[in-house]
Amino acid sequence: MEPIIFAYLGIGIMIILSGVGSAYGVTIAGNASVGALKKEPGAFGNFLVLSALAGTQGLYGFTGYFMLKNFLVPEITWAQAAAIFGAGLAMGFVGLFSALRQGQVCANGITAIGNGHKVFVNTLILAVFPELYAIISLAAVFLISTSL
């Protein structure tokens with residue numbers, strides 16, 4: 001196998017897993033929003049914000065591609081390909097799981113708001129924690145790209 005194929009596998013893993021995580025995360029929160037709207041139709045704006053939060057991990061995976069794309073050349077070395085593969089693996093898995101868990105945190109907050117509790121800001125704060133790890137993974141992709 002050529003090293004460039006290995007690098008592209010890492011890119012693919014990064015985009016696919018972070019995108020799938022975001023798709024599931026926003027669906028988890030979106031489903032909670034639909035149920036909560038029955039009780040609190042005036043809270044749609046809050047539900048929209050909370051439902052969209054888990055979508056950022058997919059964007060981070062896509063951003064990681066732009067950080068690494070200049071190294072996807074036929075002359076790529078095995079060391080560079082391995083670094084790109086590792087970066088893709090890290091961003092992909094962290095993006096996947098942080099989006100899923102963030103969607104669950106947001107869904108719980110949405111359900112609570114739907115039940116009349118004033119927890120929008122608290123939910124936003126708590127939803128930042130899974131997001132933080134996706135941001136750290138993207139920062140790692142950036143650091144890896146600068147070392148290539």
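Predicted model: local features only at pLDDT ≥ 70, side-chain atom pairs only at ≥ 80, totals over all residues.
## L68 and its surroundings

Let's start with L68: skipping anything within four places in sequence, this residue is in contact with I11, M14, I84, A87, V141, S145 and L148. Contact here means heavy atoms within 4.5 Å. L68 sits in helix α3, where helices are DSSP runs of H or I with at least four residues, strands are runs of E with at least two, and both are numbered from the N terminus. With a relative accessibility of 0%, L68 counts as buried. The cut-offs for that word are under 20% relative accessible area for buried, over 50% for exposed, and partly exposed in between, using a 1.4 Å probe and protein chains only.

Residues are numbered from 1 along each chain as its sequence is written, and side-chain values use heavy atoms, with hydrogens and water left out.

## The chain as a whole

The protein chain comes to five helices and zero strands, so from the N terminus on you read α-α-α-α-α by the DSSP runs. Of the 148 residues, 41% count as buried.

Sequence separation is worth a look too: among contacts between residues at least 6 apart in sequence, 86% join residues at least 24 apart. The chain exposes about 7,600 Å², and carbon and sulfur atoms supply 72% of that area. Accessible areas come from the Shrake-Rupley method with a 1.4 Å probe, and for residues only the protein chains shown count as cover.

I11, one of the residues in contact with L68, belongs to helix α1. I11 counts as buried at 4% relative accessibility. Ignoring residues up to four places away in sequence, I11 touches Y65, L68, L72 and I84. The C-alpha atoms of I11 and F62 are separated by 9.0 Å, and these two residues are 51 apart along the chain.

## Where α2 runs along α4

The axes of helix α2 (residues 44–52) and helix α4 (residues 78–114) come within 9 Å and cross at roughly 170°. That makes α2 roughly antiparallel to α4. The axes are lines fitted to C-alpha atoms, for helices over the stretch in contact, with angles from 0 to 180 degrees between N-to-C directions. Under 35 degrees counts as roughly parallel, over 145 as roughly antiparallel, 65 to 115 as roughly perpendicular, and the rest as oblique.

On the α2 side, F47, L50 and S51 meet C106, I110, I113 and G114 of α4. Sorted by class, this contact has five nonpolar, two polar and no charged residues. Here Ala, Val, Leu, Ile, Met, Phe, Trp, Tyr, Cys and Pro count as nonpolar, Asp, Glu, Lys and Arg as charged, and the others, Gly among them, as polar.

S51 lies in helix α2 and is buried, with a relative accessible area of 12%. Leaving out neighbours within four places in sequence, S51 is in contact with V26, A29, G30, S33 and I110.

I110 turns up again with A32, a residue in helix α1 whose contacts, apart from neighbours within four places in sequence, are A107, I110 and T111. A32 is buried at a relative accessible area of 15%. The C-alpha atoms of A32 and A83, 51 residues apart along the chain, are separated by 39 Å.
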